[in-house]
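Let's walk through a protein structure together, one piece at a time. Keep the 3D view open and turn it as you read.

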Amino acid sequence: MTISPTHALADESDVSDRAVSPREPSNPDPLEKINRGTFAFNEGLDKYFLSPLATAWDFVVPEFAQTGINNFYGHLNMPIVLANDILQGKPMAALQDVTRILHNTVFGLGGFIDFATIVGIPENDEDFGQTLGVYGVPPGPYLMVPILGPYTLRDGVGEVVDTTASGFLYAPFWYQVAGLSPIETSGASVGQKGLELLNLRSIYDEELEESKKDAFDYYIFVRNAYLQNRRAKVADQTDAPVLDEEDLYFFDEEENGDEADDDEEENYDDF
Amino acid sequence: MTSERCQAKGFTRRAVCALVFIAFSVSLVSVSAALAADDPTLTAAPRQLINETATKIVSILAKKDQTTEMRISEIESLAYEIFDFTTMSKLVLARNWKKMDKAKRKEFVVEFKRHLSRTYGTRLDRYEQEEVDVYGAQVEVRNDVSVKTRILGGQFDGAEISYRLRNQRDEWKIIDVVIEGVSLVSNYRSQFKEVLNGGSIEDLLARLRDKNFIVDEGRAESAAATN
């Protein structure tokens, strides 16, 4: 590969074009020590409690029902997605999501079947953490939250806002239709969230076990994947990485120009 | 076109016309955006490679008369052809690559290649009724090409998987897989960096060998169990 200085310049400008609403802080995980502790706690909880529960759930609930439940939770969350479409100034996404809500309510048995996807209405994935990101709020430190898992400060705040909004949205149902007291209502909301997590855990059981097995450092695996994925979502660009390392695809070859020719011939694939 | 027909009077009519017009222009915009992203002369070859590979994988996964091991090893040998493991090894090791001598580099590439092919093969084998839609391609820095695909159906319906390819020695090969914005190269790089922070390249090689060995053993066991 020949690398000229002009190429190197072009690369840099291109990389900064691509990226990134707020730049990452230099160390995204200043609380790593504490986070690793919480991570170990969550892993233990998963191993001795969640995972067996998910296995039982998987045994009792057939796959189509798990998918249906997952669809239904997605459907319940659509008003929140819609609100965030609007807050981010995305009228097309908002239109799509209104159409999506109507389709899945009417033709999707109240949300258990994702009819909208079948007829080709795209699904938008927005939340308040992303909305803050779009307005330039940096992600802040990485936080491992007990039971709930990875967040950044920004996205954790976003989650609290979304969950609260969702709670207020569905409280009238629990309160008036189901006749629960306010305390029972908040209990029901927690149960609702718990069931969602359990169902998800059971859907992705094999992926989780395999990722754990394949990882060289599972904590880093999760952190890197979470931060990359959130960055991509804020930039609405899940089909390419939003680079935080400018040298991801071209590391310091320029510095050692004399060795670059050597590398050109270097290929160990055939062994 | 649309605007002429929109001369009709009445509020509802006008509103409907406006909506149709908006929908129409939006779809025009997205079509032209798709065309701009995809420069066919530059991206045709890598795009075709991904297309062919997807077709091959679907047909391997459909061989239900074969054992899981046979299917996985077929996917592995396919992976051997389409990934550039030397480049991937350089990228995941970044600066540490420079510190290694040729023998170590070679050893690393061999082990990393086995590791990736196996994890790739094992995971793919679980995915059944899924289709892959190769919907776009884009020229990247220094003439790399990203080929964009989407999973249709199954548990990962709608998942975006993008492949970054580089042309070296007149061959297009995959140098990164990006799933929902998560780059495999970046993910391995961050993990290896952590391992190398606490240990030497020897330690990393030992971990790789261990993992590959465990996979081998597990596979031998399950093969023995099916026989």
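**The sheet of chain B**

In chain B, five strands make an open sheet, ordered β1-β2-β3-β4-β5, with antiparallel pairing. Its edge strands are β1 (131-139) and β5 of chain B, each of which pairs on one side only. Two strands pair if DSSP finds at least two bridges between them. Helices (H or I, at least four residues) and strands (E, at least two) are DSSP runs, numbered from the N terminus.

Before going on, please note that this is a predicted model, in which local features need pLDDT of at least 70, side-chain atom pairs count only at pLDDT 80 or more, and totals for chains, interfaces and linings use all residues. Residues are numbered from 1 along each chain as its sequence is written, while chains are lettered from A and ligands numbered from 1 in the order in which they are written.

Now follow the sheet strand by strand. Strands of a sheet pair through backbone hydrogen bonds, either parallel or antiparallel. β1(B) and β2(B) are antiparallel and share eight bridges, and B:Glu131 stands opposite B:Leu152 in β2(B). Next, strand β2 (residues 145-152) of chain B is joined by six bridges to the antiparallel strand β3 (residues 160-168) of chain B. Here B:Arg150 has B:Glu160 in β3(B) as its bridge partner. β3(B) is in turn joined by eight bridges to strand β4 (residues 171-179) of chain B, again antiparallel, and B:Arg166 has B:Lys173 in β4(B) as its bridge partner.

Two places around β4 deserve a look at their backbone angles. Most residues other than glycine have a negative phi, and most peptide bonds are trans. The hairpin of β3(B) and β4(B) has two residues between the strands, and B:Arg169 there takes a positive phi near 50 degrees. B:Glu180, in the loop between β4 and β5 of chain B, also has a positive phi, near 50 degrees. B:Glu180 counts as partly exposed because 18 other C-beta atoms lie within 10 Å. The rule behind that word is this: a residue is buried if 20 or more other C-beta atoms lie within 10 Å of its own, exposed if 12 or fewer, and partly exposed in between, with C-beta atoms placed from the backbone.

**Chain B as a whole**

Stepping back, chain B holds nine helices and five strands. Of its 227 residues, 29% are buried.

One helix to pick out is α8(B). Its 15 residues reach 22 Å from first C-alpha to last, close to the 21 Å expected at 1.5 Å a residue; the expected span is 1.5 Å times one less than the number of residues. Among the buried residues of α8(B) are B:Leu184, B:Tyr188 and B:Phe192.

**Where the chains meet**

How many residues does each chain bring to the contact? Chain B gives 39 residues and chain A gives 40 residues, where two residues are in contact if their C-beta atoms, placed from the backbone, lie within 7 Å. On the side of chain B that touches chain A, the largest share, eight residues, comes from α8(B). That side has twelve nonpolar, twelve polar and 15 charged residues. Ala, Val, Leu, Ile, Met, Phe, Trp, Tyr, Cys and Pro count as nonpolar, Asp, Glu, Lys and Arg as charged, and the others, Gly among them, as polar.

From chain A, helix α11 (residues 218-234) packs with α8(B) at an angle of about 145 degrees, their axes 9 Å apart. Axes are lines fitted to C-alpha atoms, for helices over the stretch in contact, and angles run from 0 to 180 degrees between N-to-C directions. Residues making this contact include A:Phe221 and A:Asn224 of α11(A), and B:Ser190 and B:Glu194 of α8(B). By class, the contact has three nonpolar, six polar and one charged residue.

**A few stops in chain A**

Strand β1 (residues 142-145) of chain A has A:Tyr142 and A:Met144 on its covered face, and A:Leu143 and A:Val145 on its uncovered one. β1(A) is joined by four bridges to the antiparallel strand β2 (residues 149-152) of chain A, with A:Leu143 opposite A:Tyr151. Three residues lie between these strands in a hairpin, and A:Ile147 in the turn has a positive phi of about 70 degrees.

Finally, find A:Gly179 in the loop between α8 (153-177) and α9 (182-203) of chain A. Is A:Gly179 buried or exposed? A:Gly179 counts as exposed because it has 8 C-beta neighbours inside 10 Å.
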